[in-house]
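Please keep the sequence and the model open while reading.

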Amino acid sequence: MKNYFSIKDIDSIENWVNEAIELKKNPLANKTLGTDKTIGLLFFNPSLRTRLSTQKAATNLGMNVIVMNFTGEGWSLEYDDGAVMDQGTSEHVKEAAQVVSQYCDVLAIRAFAKLKNREDDYNEKVLQSFIKYATIPVINMESATGHPLQALTDAITIIEHKKKNKPKVVLSWAPHPKALPQAVANSFVEMMQRMEADFVITHPVGYELASEITKGVSIDYNQKNAFKDADFIYVKNWSSYEDYGKVSEDKSWKITEEKMKQTNNAKFMHCLPVRRNVVVDDAVLDKENSIVIEQANNRTYAAQLVLKKILESK
Amino acid sequence: MKNYFSIKDIDSIENWVNEAIELKKNPLANKTLGTDKTIGLLFFNPSLRTRLSTQKAATNLGMNVIVMNFTGEGWSLEYDDGAVMDQGTSEHVKEAAQVVSQYCDVLAIRAFAKLKNREDDYNEKVLQSFIKYATIPVINMESATGHPLQALTDAITIIEHKKKNKPKVVLSWAPHPKALPQAVANSFVEMMQRMEADFVITHPVGYELASEITKGVSIDYNQKNAFKDADFIYVKNWSSYEDYGKVSEDKSWKITEEKMKQTNNAKFMHCLPVRRNVVVDDAVLDKENSIVIEQANNRTYAAQLVLKKILESK
Amino acid sequence: MKNYFSIKDIDSIENWVNEAIELKKNPLANKTLGTDKTIGLLFFNPSLRTRLSTQKAATNLGMNVIVMNFTGEGWSLEYDDGAVMDQGTSEHVKEAAQVVSQYCDVLAIRAFAKLKNREDDYNEKVLQSFIKYATIPVINMESATGHPLQALTDAITIIEHKKKNKPKVVLSWAPHPKALPQAVANSFVEMMQRMEADFVITHPVGYELASEITKGVSIDYNQKNAFKDADFIYVKNWSSYEDYGKVSEDKSWKITEEKMKQTNNAKFMHCLPVRRNVVVDDAVLDKENSIVIEQANNRTYAAQLVLKKILESK
């Protein structure tokens, strides 16, 4: 494996999840695999879980870690071919990616959707430019349209907690005051299509994800109906794909204890950070059925597995 | 020992100081104690000494260090129970503290007083929330009302330099153009009450520290009088506790060579950073009796001792 | 060797370049030289190559690395002796440099020219203050007037690529929309005067570098003429020294394929970051004669050599 850009880079979900669960039992088993190897973590956006869990994962493998915030610490980058760079950008990604490749052995990059121009975001200009020009493997730490480390984490967590072969998994939209990307939802949908699951997405009209991604997936505009008999409720806000970046704060979609009662005693999942009492009530998050903290813990093993695969295939 | 929140967490000042002085002689004696352990340093405010000395201390013990600036790099945190998070905060400390606890073995946190609301500050919302929700030990790298790593450093420094069993130690207020917290002064007062010292606080009327902290301590509103026969002059500005956050730039309280001459050839101490010629004259800082640089050096050994105690008790 | 402030600290360019080329062949040959030694990287300005390559170099030698951004993470520093610090600065470099010296074994500092006051910049207030007060070696990671790690890199790169004993090397000014320091150009000029090279500087009238630096060097105001038979074209923008900080965007000085054709199939060099199609055309940068990426790679070995020299002489 060279890059981990999307979950398409996973050959077998089942094998990967099993291997990650093994890693979790003994995180230091491969402590010398990364000796004298350096990972560069490049951030264009804030991060807590991703930053810390990836750093932890790399350290568990014995790697050196260099963290770099491009906002503030570095130069602003240009991505357009042929640009006459007489404005705000100081360095072209062509140089930046090639240069950084010489100081590191693996790159991991976070660059959120800007939610201004759908085509720009869905072309994945930042990540794809780094992948194009870097001469070392590139890992997606959440790009404009996907968050495959989160999706791998989610697969691990569901498999750890499921009580039947084909659980009912519901991805529910929930309200949020700010425009958020579709990245987490997109990757989760892709992942669910590759797992044994009775999968349903529920969201308000107008909040459909990109149809290429949801093709063949059940969509139910009635949240109450969708929740029935669910084994896992996975909650996430996203802004509109159709009316790109449009926000809805429709409070009737908030996740409540009442709604959770409609499920089959479902586990509650969320990638975090989560806005309490806006996206979901305290009563849900603070109940034992919420597995958001364990889910976050699995971020380390998802990242560690990806790094291990990359180091082993070099 | 679980947390190091205040100097109340020190069982014996004498033993701790002696142990720190031993560490200083051979800082790498416990080089493998922290192998495969990670400390997360979380900063909500600027730092130079604390950041570098704690990082050095952890490295001396063989720990991995993750530094995270919450301002800019992370999400803004909510601390209120039951808050409807539809405004500026993106993540509740409940999640943040639990999540970070899974990636680290020890947390160290800096969160200054905001000096807006005395009750909020003296309730230590940030540090106490992290302590409440974290599942790993938490170290105070200066909270709203205390700076116990500094106070331990100060105890080490005084014991290293004292020439009599019970030296006269004076904590003197000095002017400063900005509103500063009472944290350093508070912890120093607490420490002096547990050491063999003839301890006096001197400050202008209206700049009394919290009475629960200074109970039983001599306060002299006459700086000149207080300085007489002093063996240590410990200088620090703080804003008013009574008229919470009020600043005084009363220049008559600046520390001068003339004033130092009233002392028993006293050592001059300050936690740094110090504004030269505002808080204290160049003539005092640049004289050999100033031990502020050695004092800063002891920050490493104070932090290292606290980390060692925590690692040993796990 | 104590400090690496300018290329004057290099005793023999030839020996250093040869040694760096050896290091490049086996970067981990001295992997334990820096065991238990810590380098502090202090940044007052953005950095990509310098930050990452110096971090990599230190890691190759087994050192611990502490990175600190003074903008944002730390206190703003005062450099003037006798200053009454009642304004924006919180800490004097006297304290900062002495204190940091106690936590680290080597310091490396980046502090660009401010381009407001030529005397201030050419007095090298920041770097020279750190050198004055630090008690450990200080490395210049680009100061107001020089970038000696870059110049050492450039020497390595030219020696690796030259095909004759005394190549013709041209330093050409090129347009840029913002005021840039003279640091890179200055150090390159100093380096060329110590190497076997037929060296020419070309720039518009009014863009002369400091005469103390260019004394004895050929200056040709005709770029086309200067490029004739050149073996290396080294391109860099700088703002005016005479009319201090003045910018010129004179597009006739942009480096084009046409101009490169006048040379002896010259290699194209630039320290990066470079503004494409403003400083130089895509056609030049994307041709095989451009060695800017290899040049950036040599930053690691220049930094590693300097660190090795410092560690060996302690």
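This is a predicted model: local features need pLDDT of at least 70, side-chain atom pairs count only at pLDDT 80 or more; totals for chains, interfaces and linings use all residues.

In which loop of chain B is Pro273(B) found? Pro273(B) belongs to the loop that runs between strand S11 (267-269) and helix H12 (282-285) of chain B.

The peptide bond leading from Leu272(B) into Pro273(B) is cis, its omega being near 0 degrees. In chain A, the bond from Leu272(A) to Pro273(A) is likewise cis, with omega near 0 degrees. Pro273(A) sits in the loop between S11 and H12 of chain A.

Arg275(A) is also found in the loop between strand S11 (267-269) and helix H12 (282-285) of chain A. The UniProt annotation "binding site", taken from an unreviewed entry, covers Arg275(A) together with Glu142(A), His176(A) and Lys236(A). Is Arg275(A) buried or exposed? Its relative accessible area is 2%, and because buried means under 20%, Arg275(A) counts as buried. Leaving aside neighbours within four places in sequence, the contacts of Arg275(A) include His176(A), Pro177(A), Lys178(A) and Val280(A) in chain A. From chain B, Arg275(A) is in contact with Met85(B), Asp86(B), Gln87(B), Gly88(B), Thr89(B) and Ser90(B).

Which residues are in contact with Lys236(A), leaving aside its neighbours within four places in sequence? They are Leu171(A), Ser172(A), Trp173(A), Ala174(A), Leu180(A), Val184(A), His270(A) and Cys271(A).

The contact takes 32 residues from chain A and 31 residues from chain B. About 2,800 Å² of area is buried between chain A and chain B, and carbon and sulfur atoms give 56% of this. How many salt bridges are found across the interface of chain A and chain B? There are 4 salt bridges. In one salt bridge, the side chains of Asp286(A) and Lys94(B) meet at 3.0 Å, N to O. Polar contacts across the interface of chain A and chain B amount to 13 residue pairs, with both residues at pLDDT 80 or more.

On the side of chain A that touches chain B, helix H2 (49-60), H12 and helix H13 (292-312) of chain A each supply at least two residues. H2(A) gives the most to this side, with 7 residues. By class, the side of chain A that touches chain B has 13 nonpolar, 8 polar and 11 charged residues.

Phi of Leu115(C) is near 65 degrees, a positive value in a residue other than glycine. Leu115(C) is placed in the loop between strand S5 (106-110) and helix H5 (118-122) of chain C, and is buried at a relative accessible area of 13%. Asn265(C), also not a glycine, has a positive phi of about 55 degrees. Asn265(C) is in the loop between helix H11 (257-260) and strand S11 (267-269) of chain C. Whereas Leu115(C) is buried, Asn265(C) counts as exposed, with 52% relative accessibility.

Note on methods: Residues are numbered from 1 along each chain as its sequence is written. Chains are lettered from A and ligands numbered from 1 in the order in which they are written. Side-chain values use heavy atoms; hydrogens and water are left out. UniProt positions are given in the numbering used here, feature names are shortened, and annotations may be inferred rather than shown by experiment. Contact means heavy atoms within 4.5 Å. Helices (H or I, at least four residues) and strands (E, at least two) are DSSP runs, numbered from the N terminus. Buried means under 20% relative accessible area, exposed over 50%, partly exposed in between (1.4 Å probe, protein chains only). Buried area is the accessible area (1.4 Å probe) that two parts lose on being put together, summed over both. A polar contact is a pair of N or O atoms within 3.5 Å; within protein, one must be able to donate a hydrogen and the other to accept it, and residues adjacent in sequence count only if both atoms are side-chain atoms. Ala, Val, Leu, Ile, Met, Phe, Trp, Tyr, Cys and Pro count as nonpolar, Asp, Glu, Lys and Arg as charged, and the others, Gly among them, as polar.
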